[in-house]
Amino acid sequence: MKEVLKKIAILPVLFYQYSISPLFPSSCRYSPTCSQYMKEAIMKHGAGKGLWLGLKRMGRCHPWGGNGYDPVP
């Protein structure tokens with residue numbers, strides 16, 4: 001059941017990566033990108049905690065935020 005929830009939680013991220021993201025120039029401040037980070041966090045920590053970690057990361061992604069390598073904990 002947990003694996004199904006993970007895959008369902010990843011679907012919006014995949015939709016973004018393959019349909020919306022290619023329309024805009026790359027402007028990521030972090031490595032891996034926020035969408036890749038969210039996918040990895042969901043697969044590693046499950047849907048609930050993974051989504052929370054991904055949303056926190058997206059909240060840090062702004063011109064006055066950090067940058068560089070930021071792996072999933």
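Cys28 is partly exposed, at a relative accessible area of 46%; buried means under 20%, exposed over 50%, and partly exposed in between, with a 1.4 Å probe and protein chains only. This is a predicted model, in which local features need pLDDT of at least 70 and side-chain atom pairs count only at pLDDT 80 or more, while totals for chains, interfaces and linings use all residues. Residues are numbered from 1 along each chain as its sequence is written, and side-chain values use heavy atoms, with hydrogens and water left out.

Let me stay with the cysteines. How many disulfides does the rule give? The count comes to 0, a disulfide being a pair of cysteine sulfur atoms within 2.5 Å. For Cys28, the closest cysteine sulfur belongs to Cys34 and lies 6.3 Å away, so the two are too far apart for a bond. For Cys34, the closest cysteine sulfur is in Cys61, and the 3.9 Å between them is likewise too far for a bond. Cys34 counts as buried, at 15% relative accessibility.

I turn now to the largest pocket. Its volume is about 390 Å³. Of its 18 lining residues, Tyr16, Ser21, Cys28, Cys34 and Ser35 are the closest to the centre. On a 1 Å grid over the protein atoms alone, a pocket is an open set of points where a 1.4 Å probe fits, with protein on both sides within 12 Å along at least five of seven lines, and lining residues have an atom within 4 Å of a point. The volume is the space filled by probe spheres set on the points, which are joined across faces, edges and corners.

Helices α1 (2-20), α2 (34-45) and α3 (47-60) each supply at least two lining residues; helices are DSSP runs of H or I with at least four residues, numbered from the N terminus. The largest share, 4 residues, comes from α1.

Arg57 lies in helix α3 and has a relative accessible area of 0%, so Arg57 is buried. Its contacts, defined as heavy atoms within 4.5 Å, include Tyr30, Cys34, Tyr37 and Asp70. The side chain of Arg57 also reaches the backbone oxygen of Asp70 at 3.4 Å.

Ile42 is placed in helix α2 and counts as buried, at 0% relative accessibility. Among the residues that Ile42 touches are Lys6, Ile10 and Leu51. Its C-alpha atom is separated by 19 Å from that of Ser21, 21 residues apart along the chain.

Terms used. Polar contact = N/O pair within 3.5 Å; in protein donor to acceptor, adjacent residues only side chain to side chain. Lists of a residue's contacts leave out its neighbours within four places in sequence.
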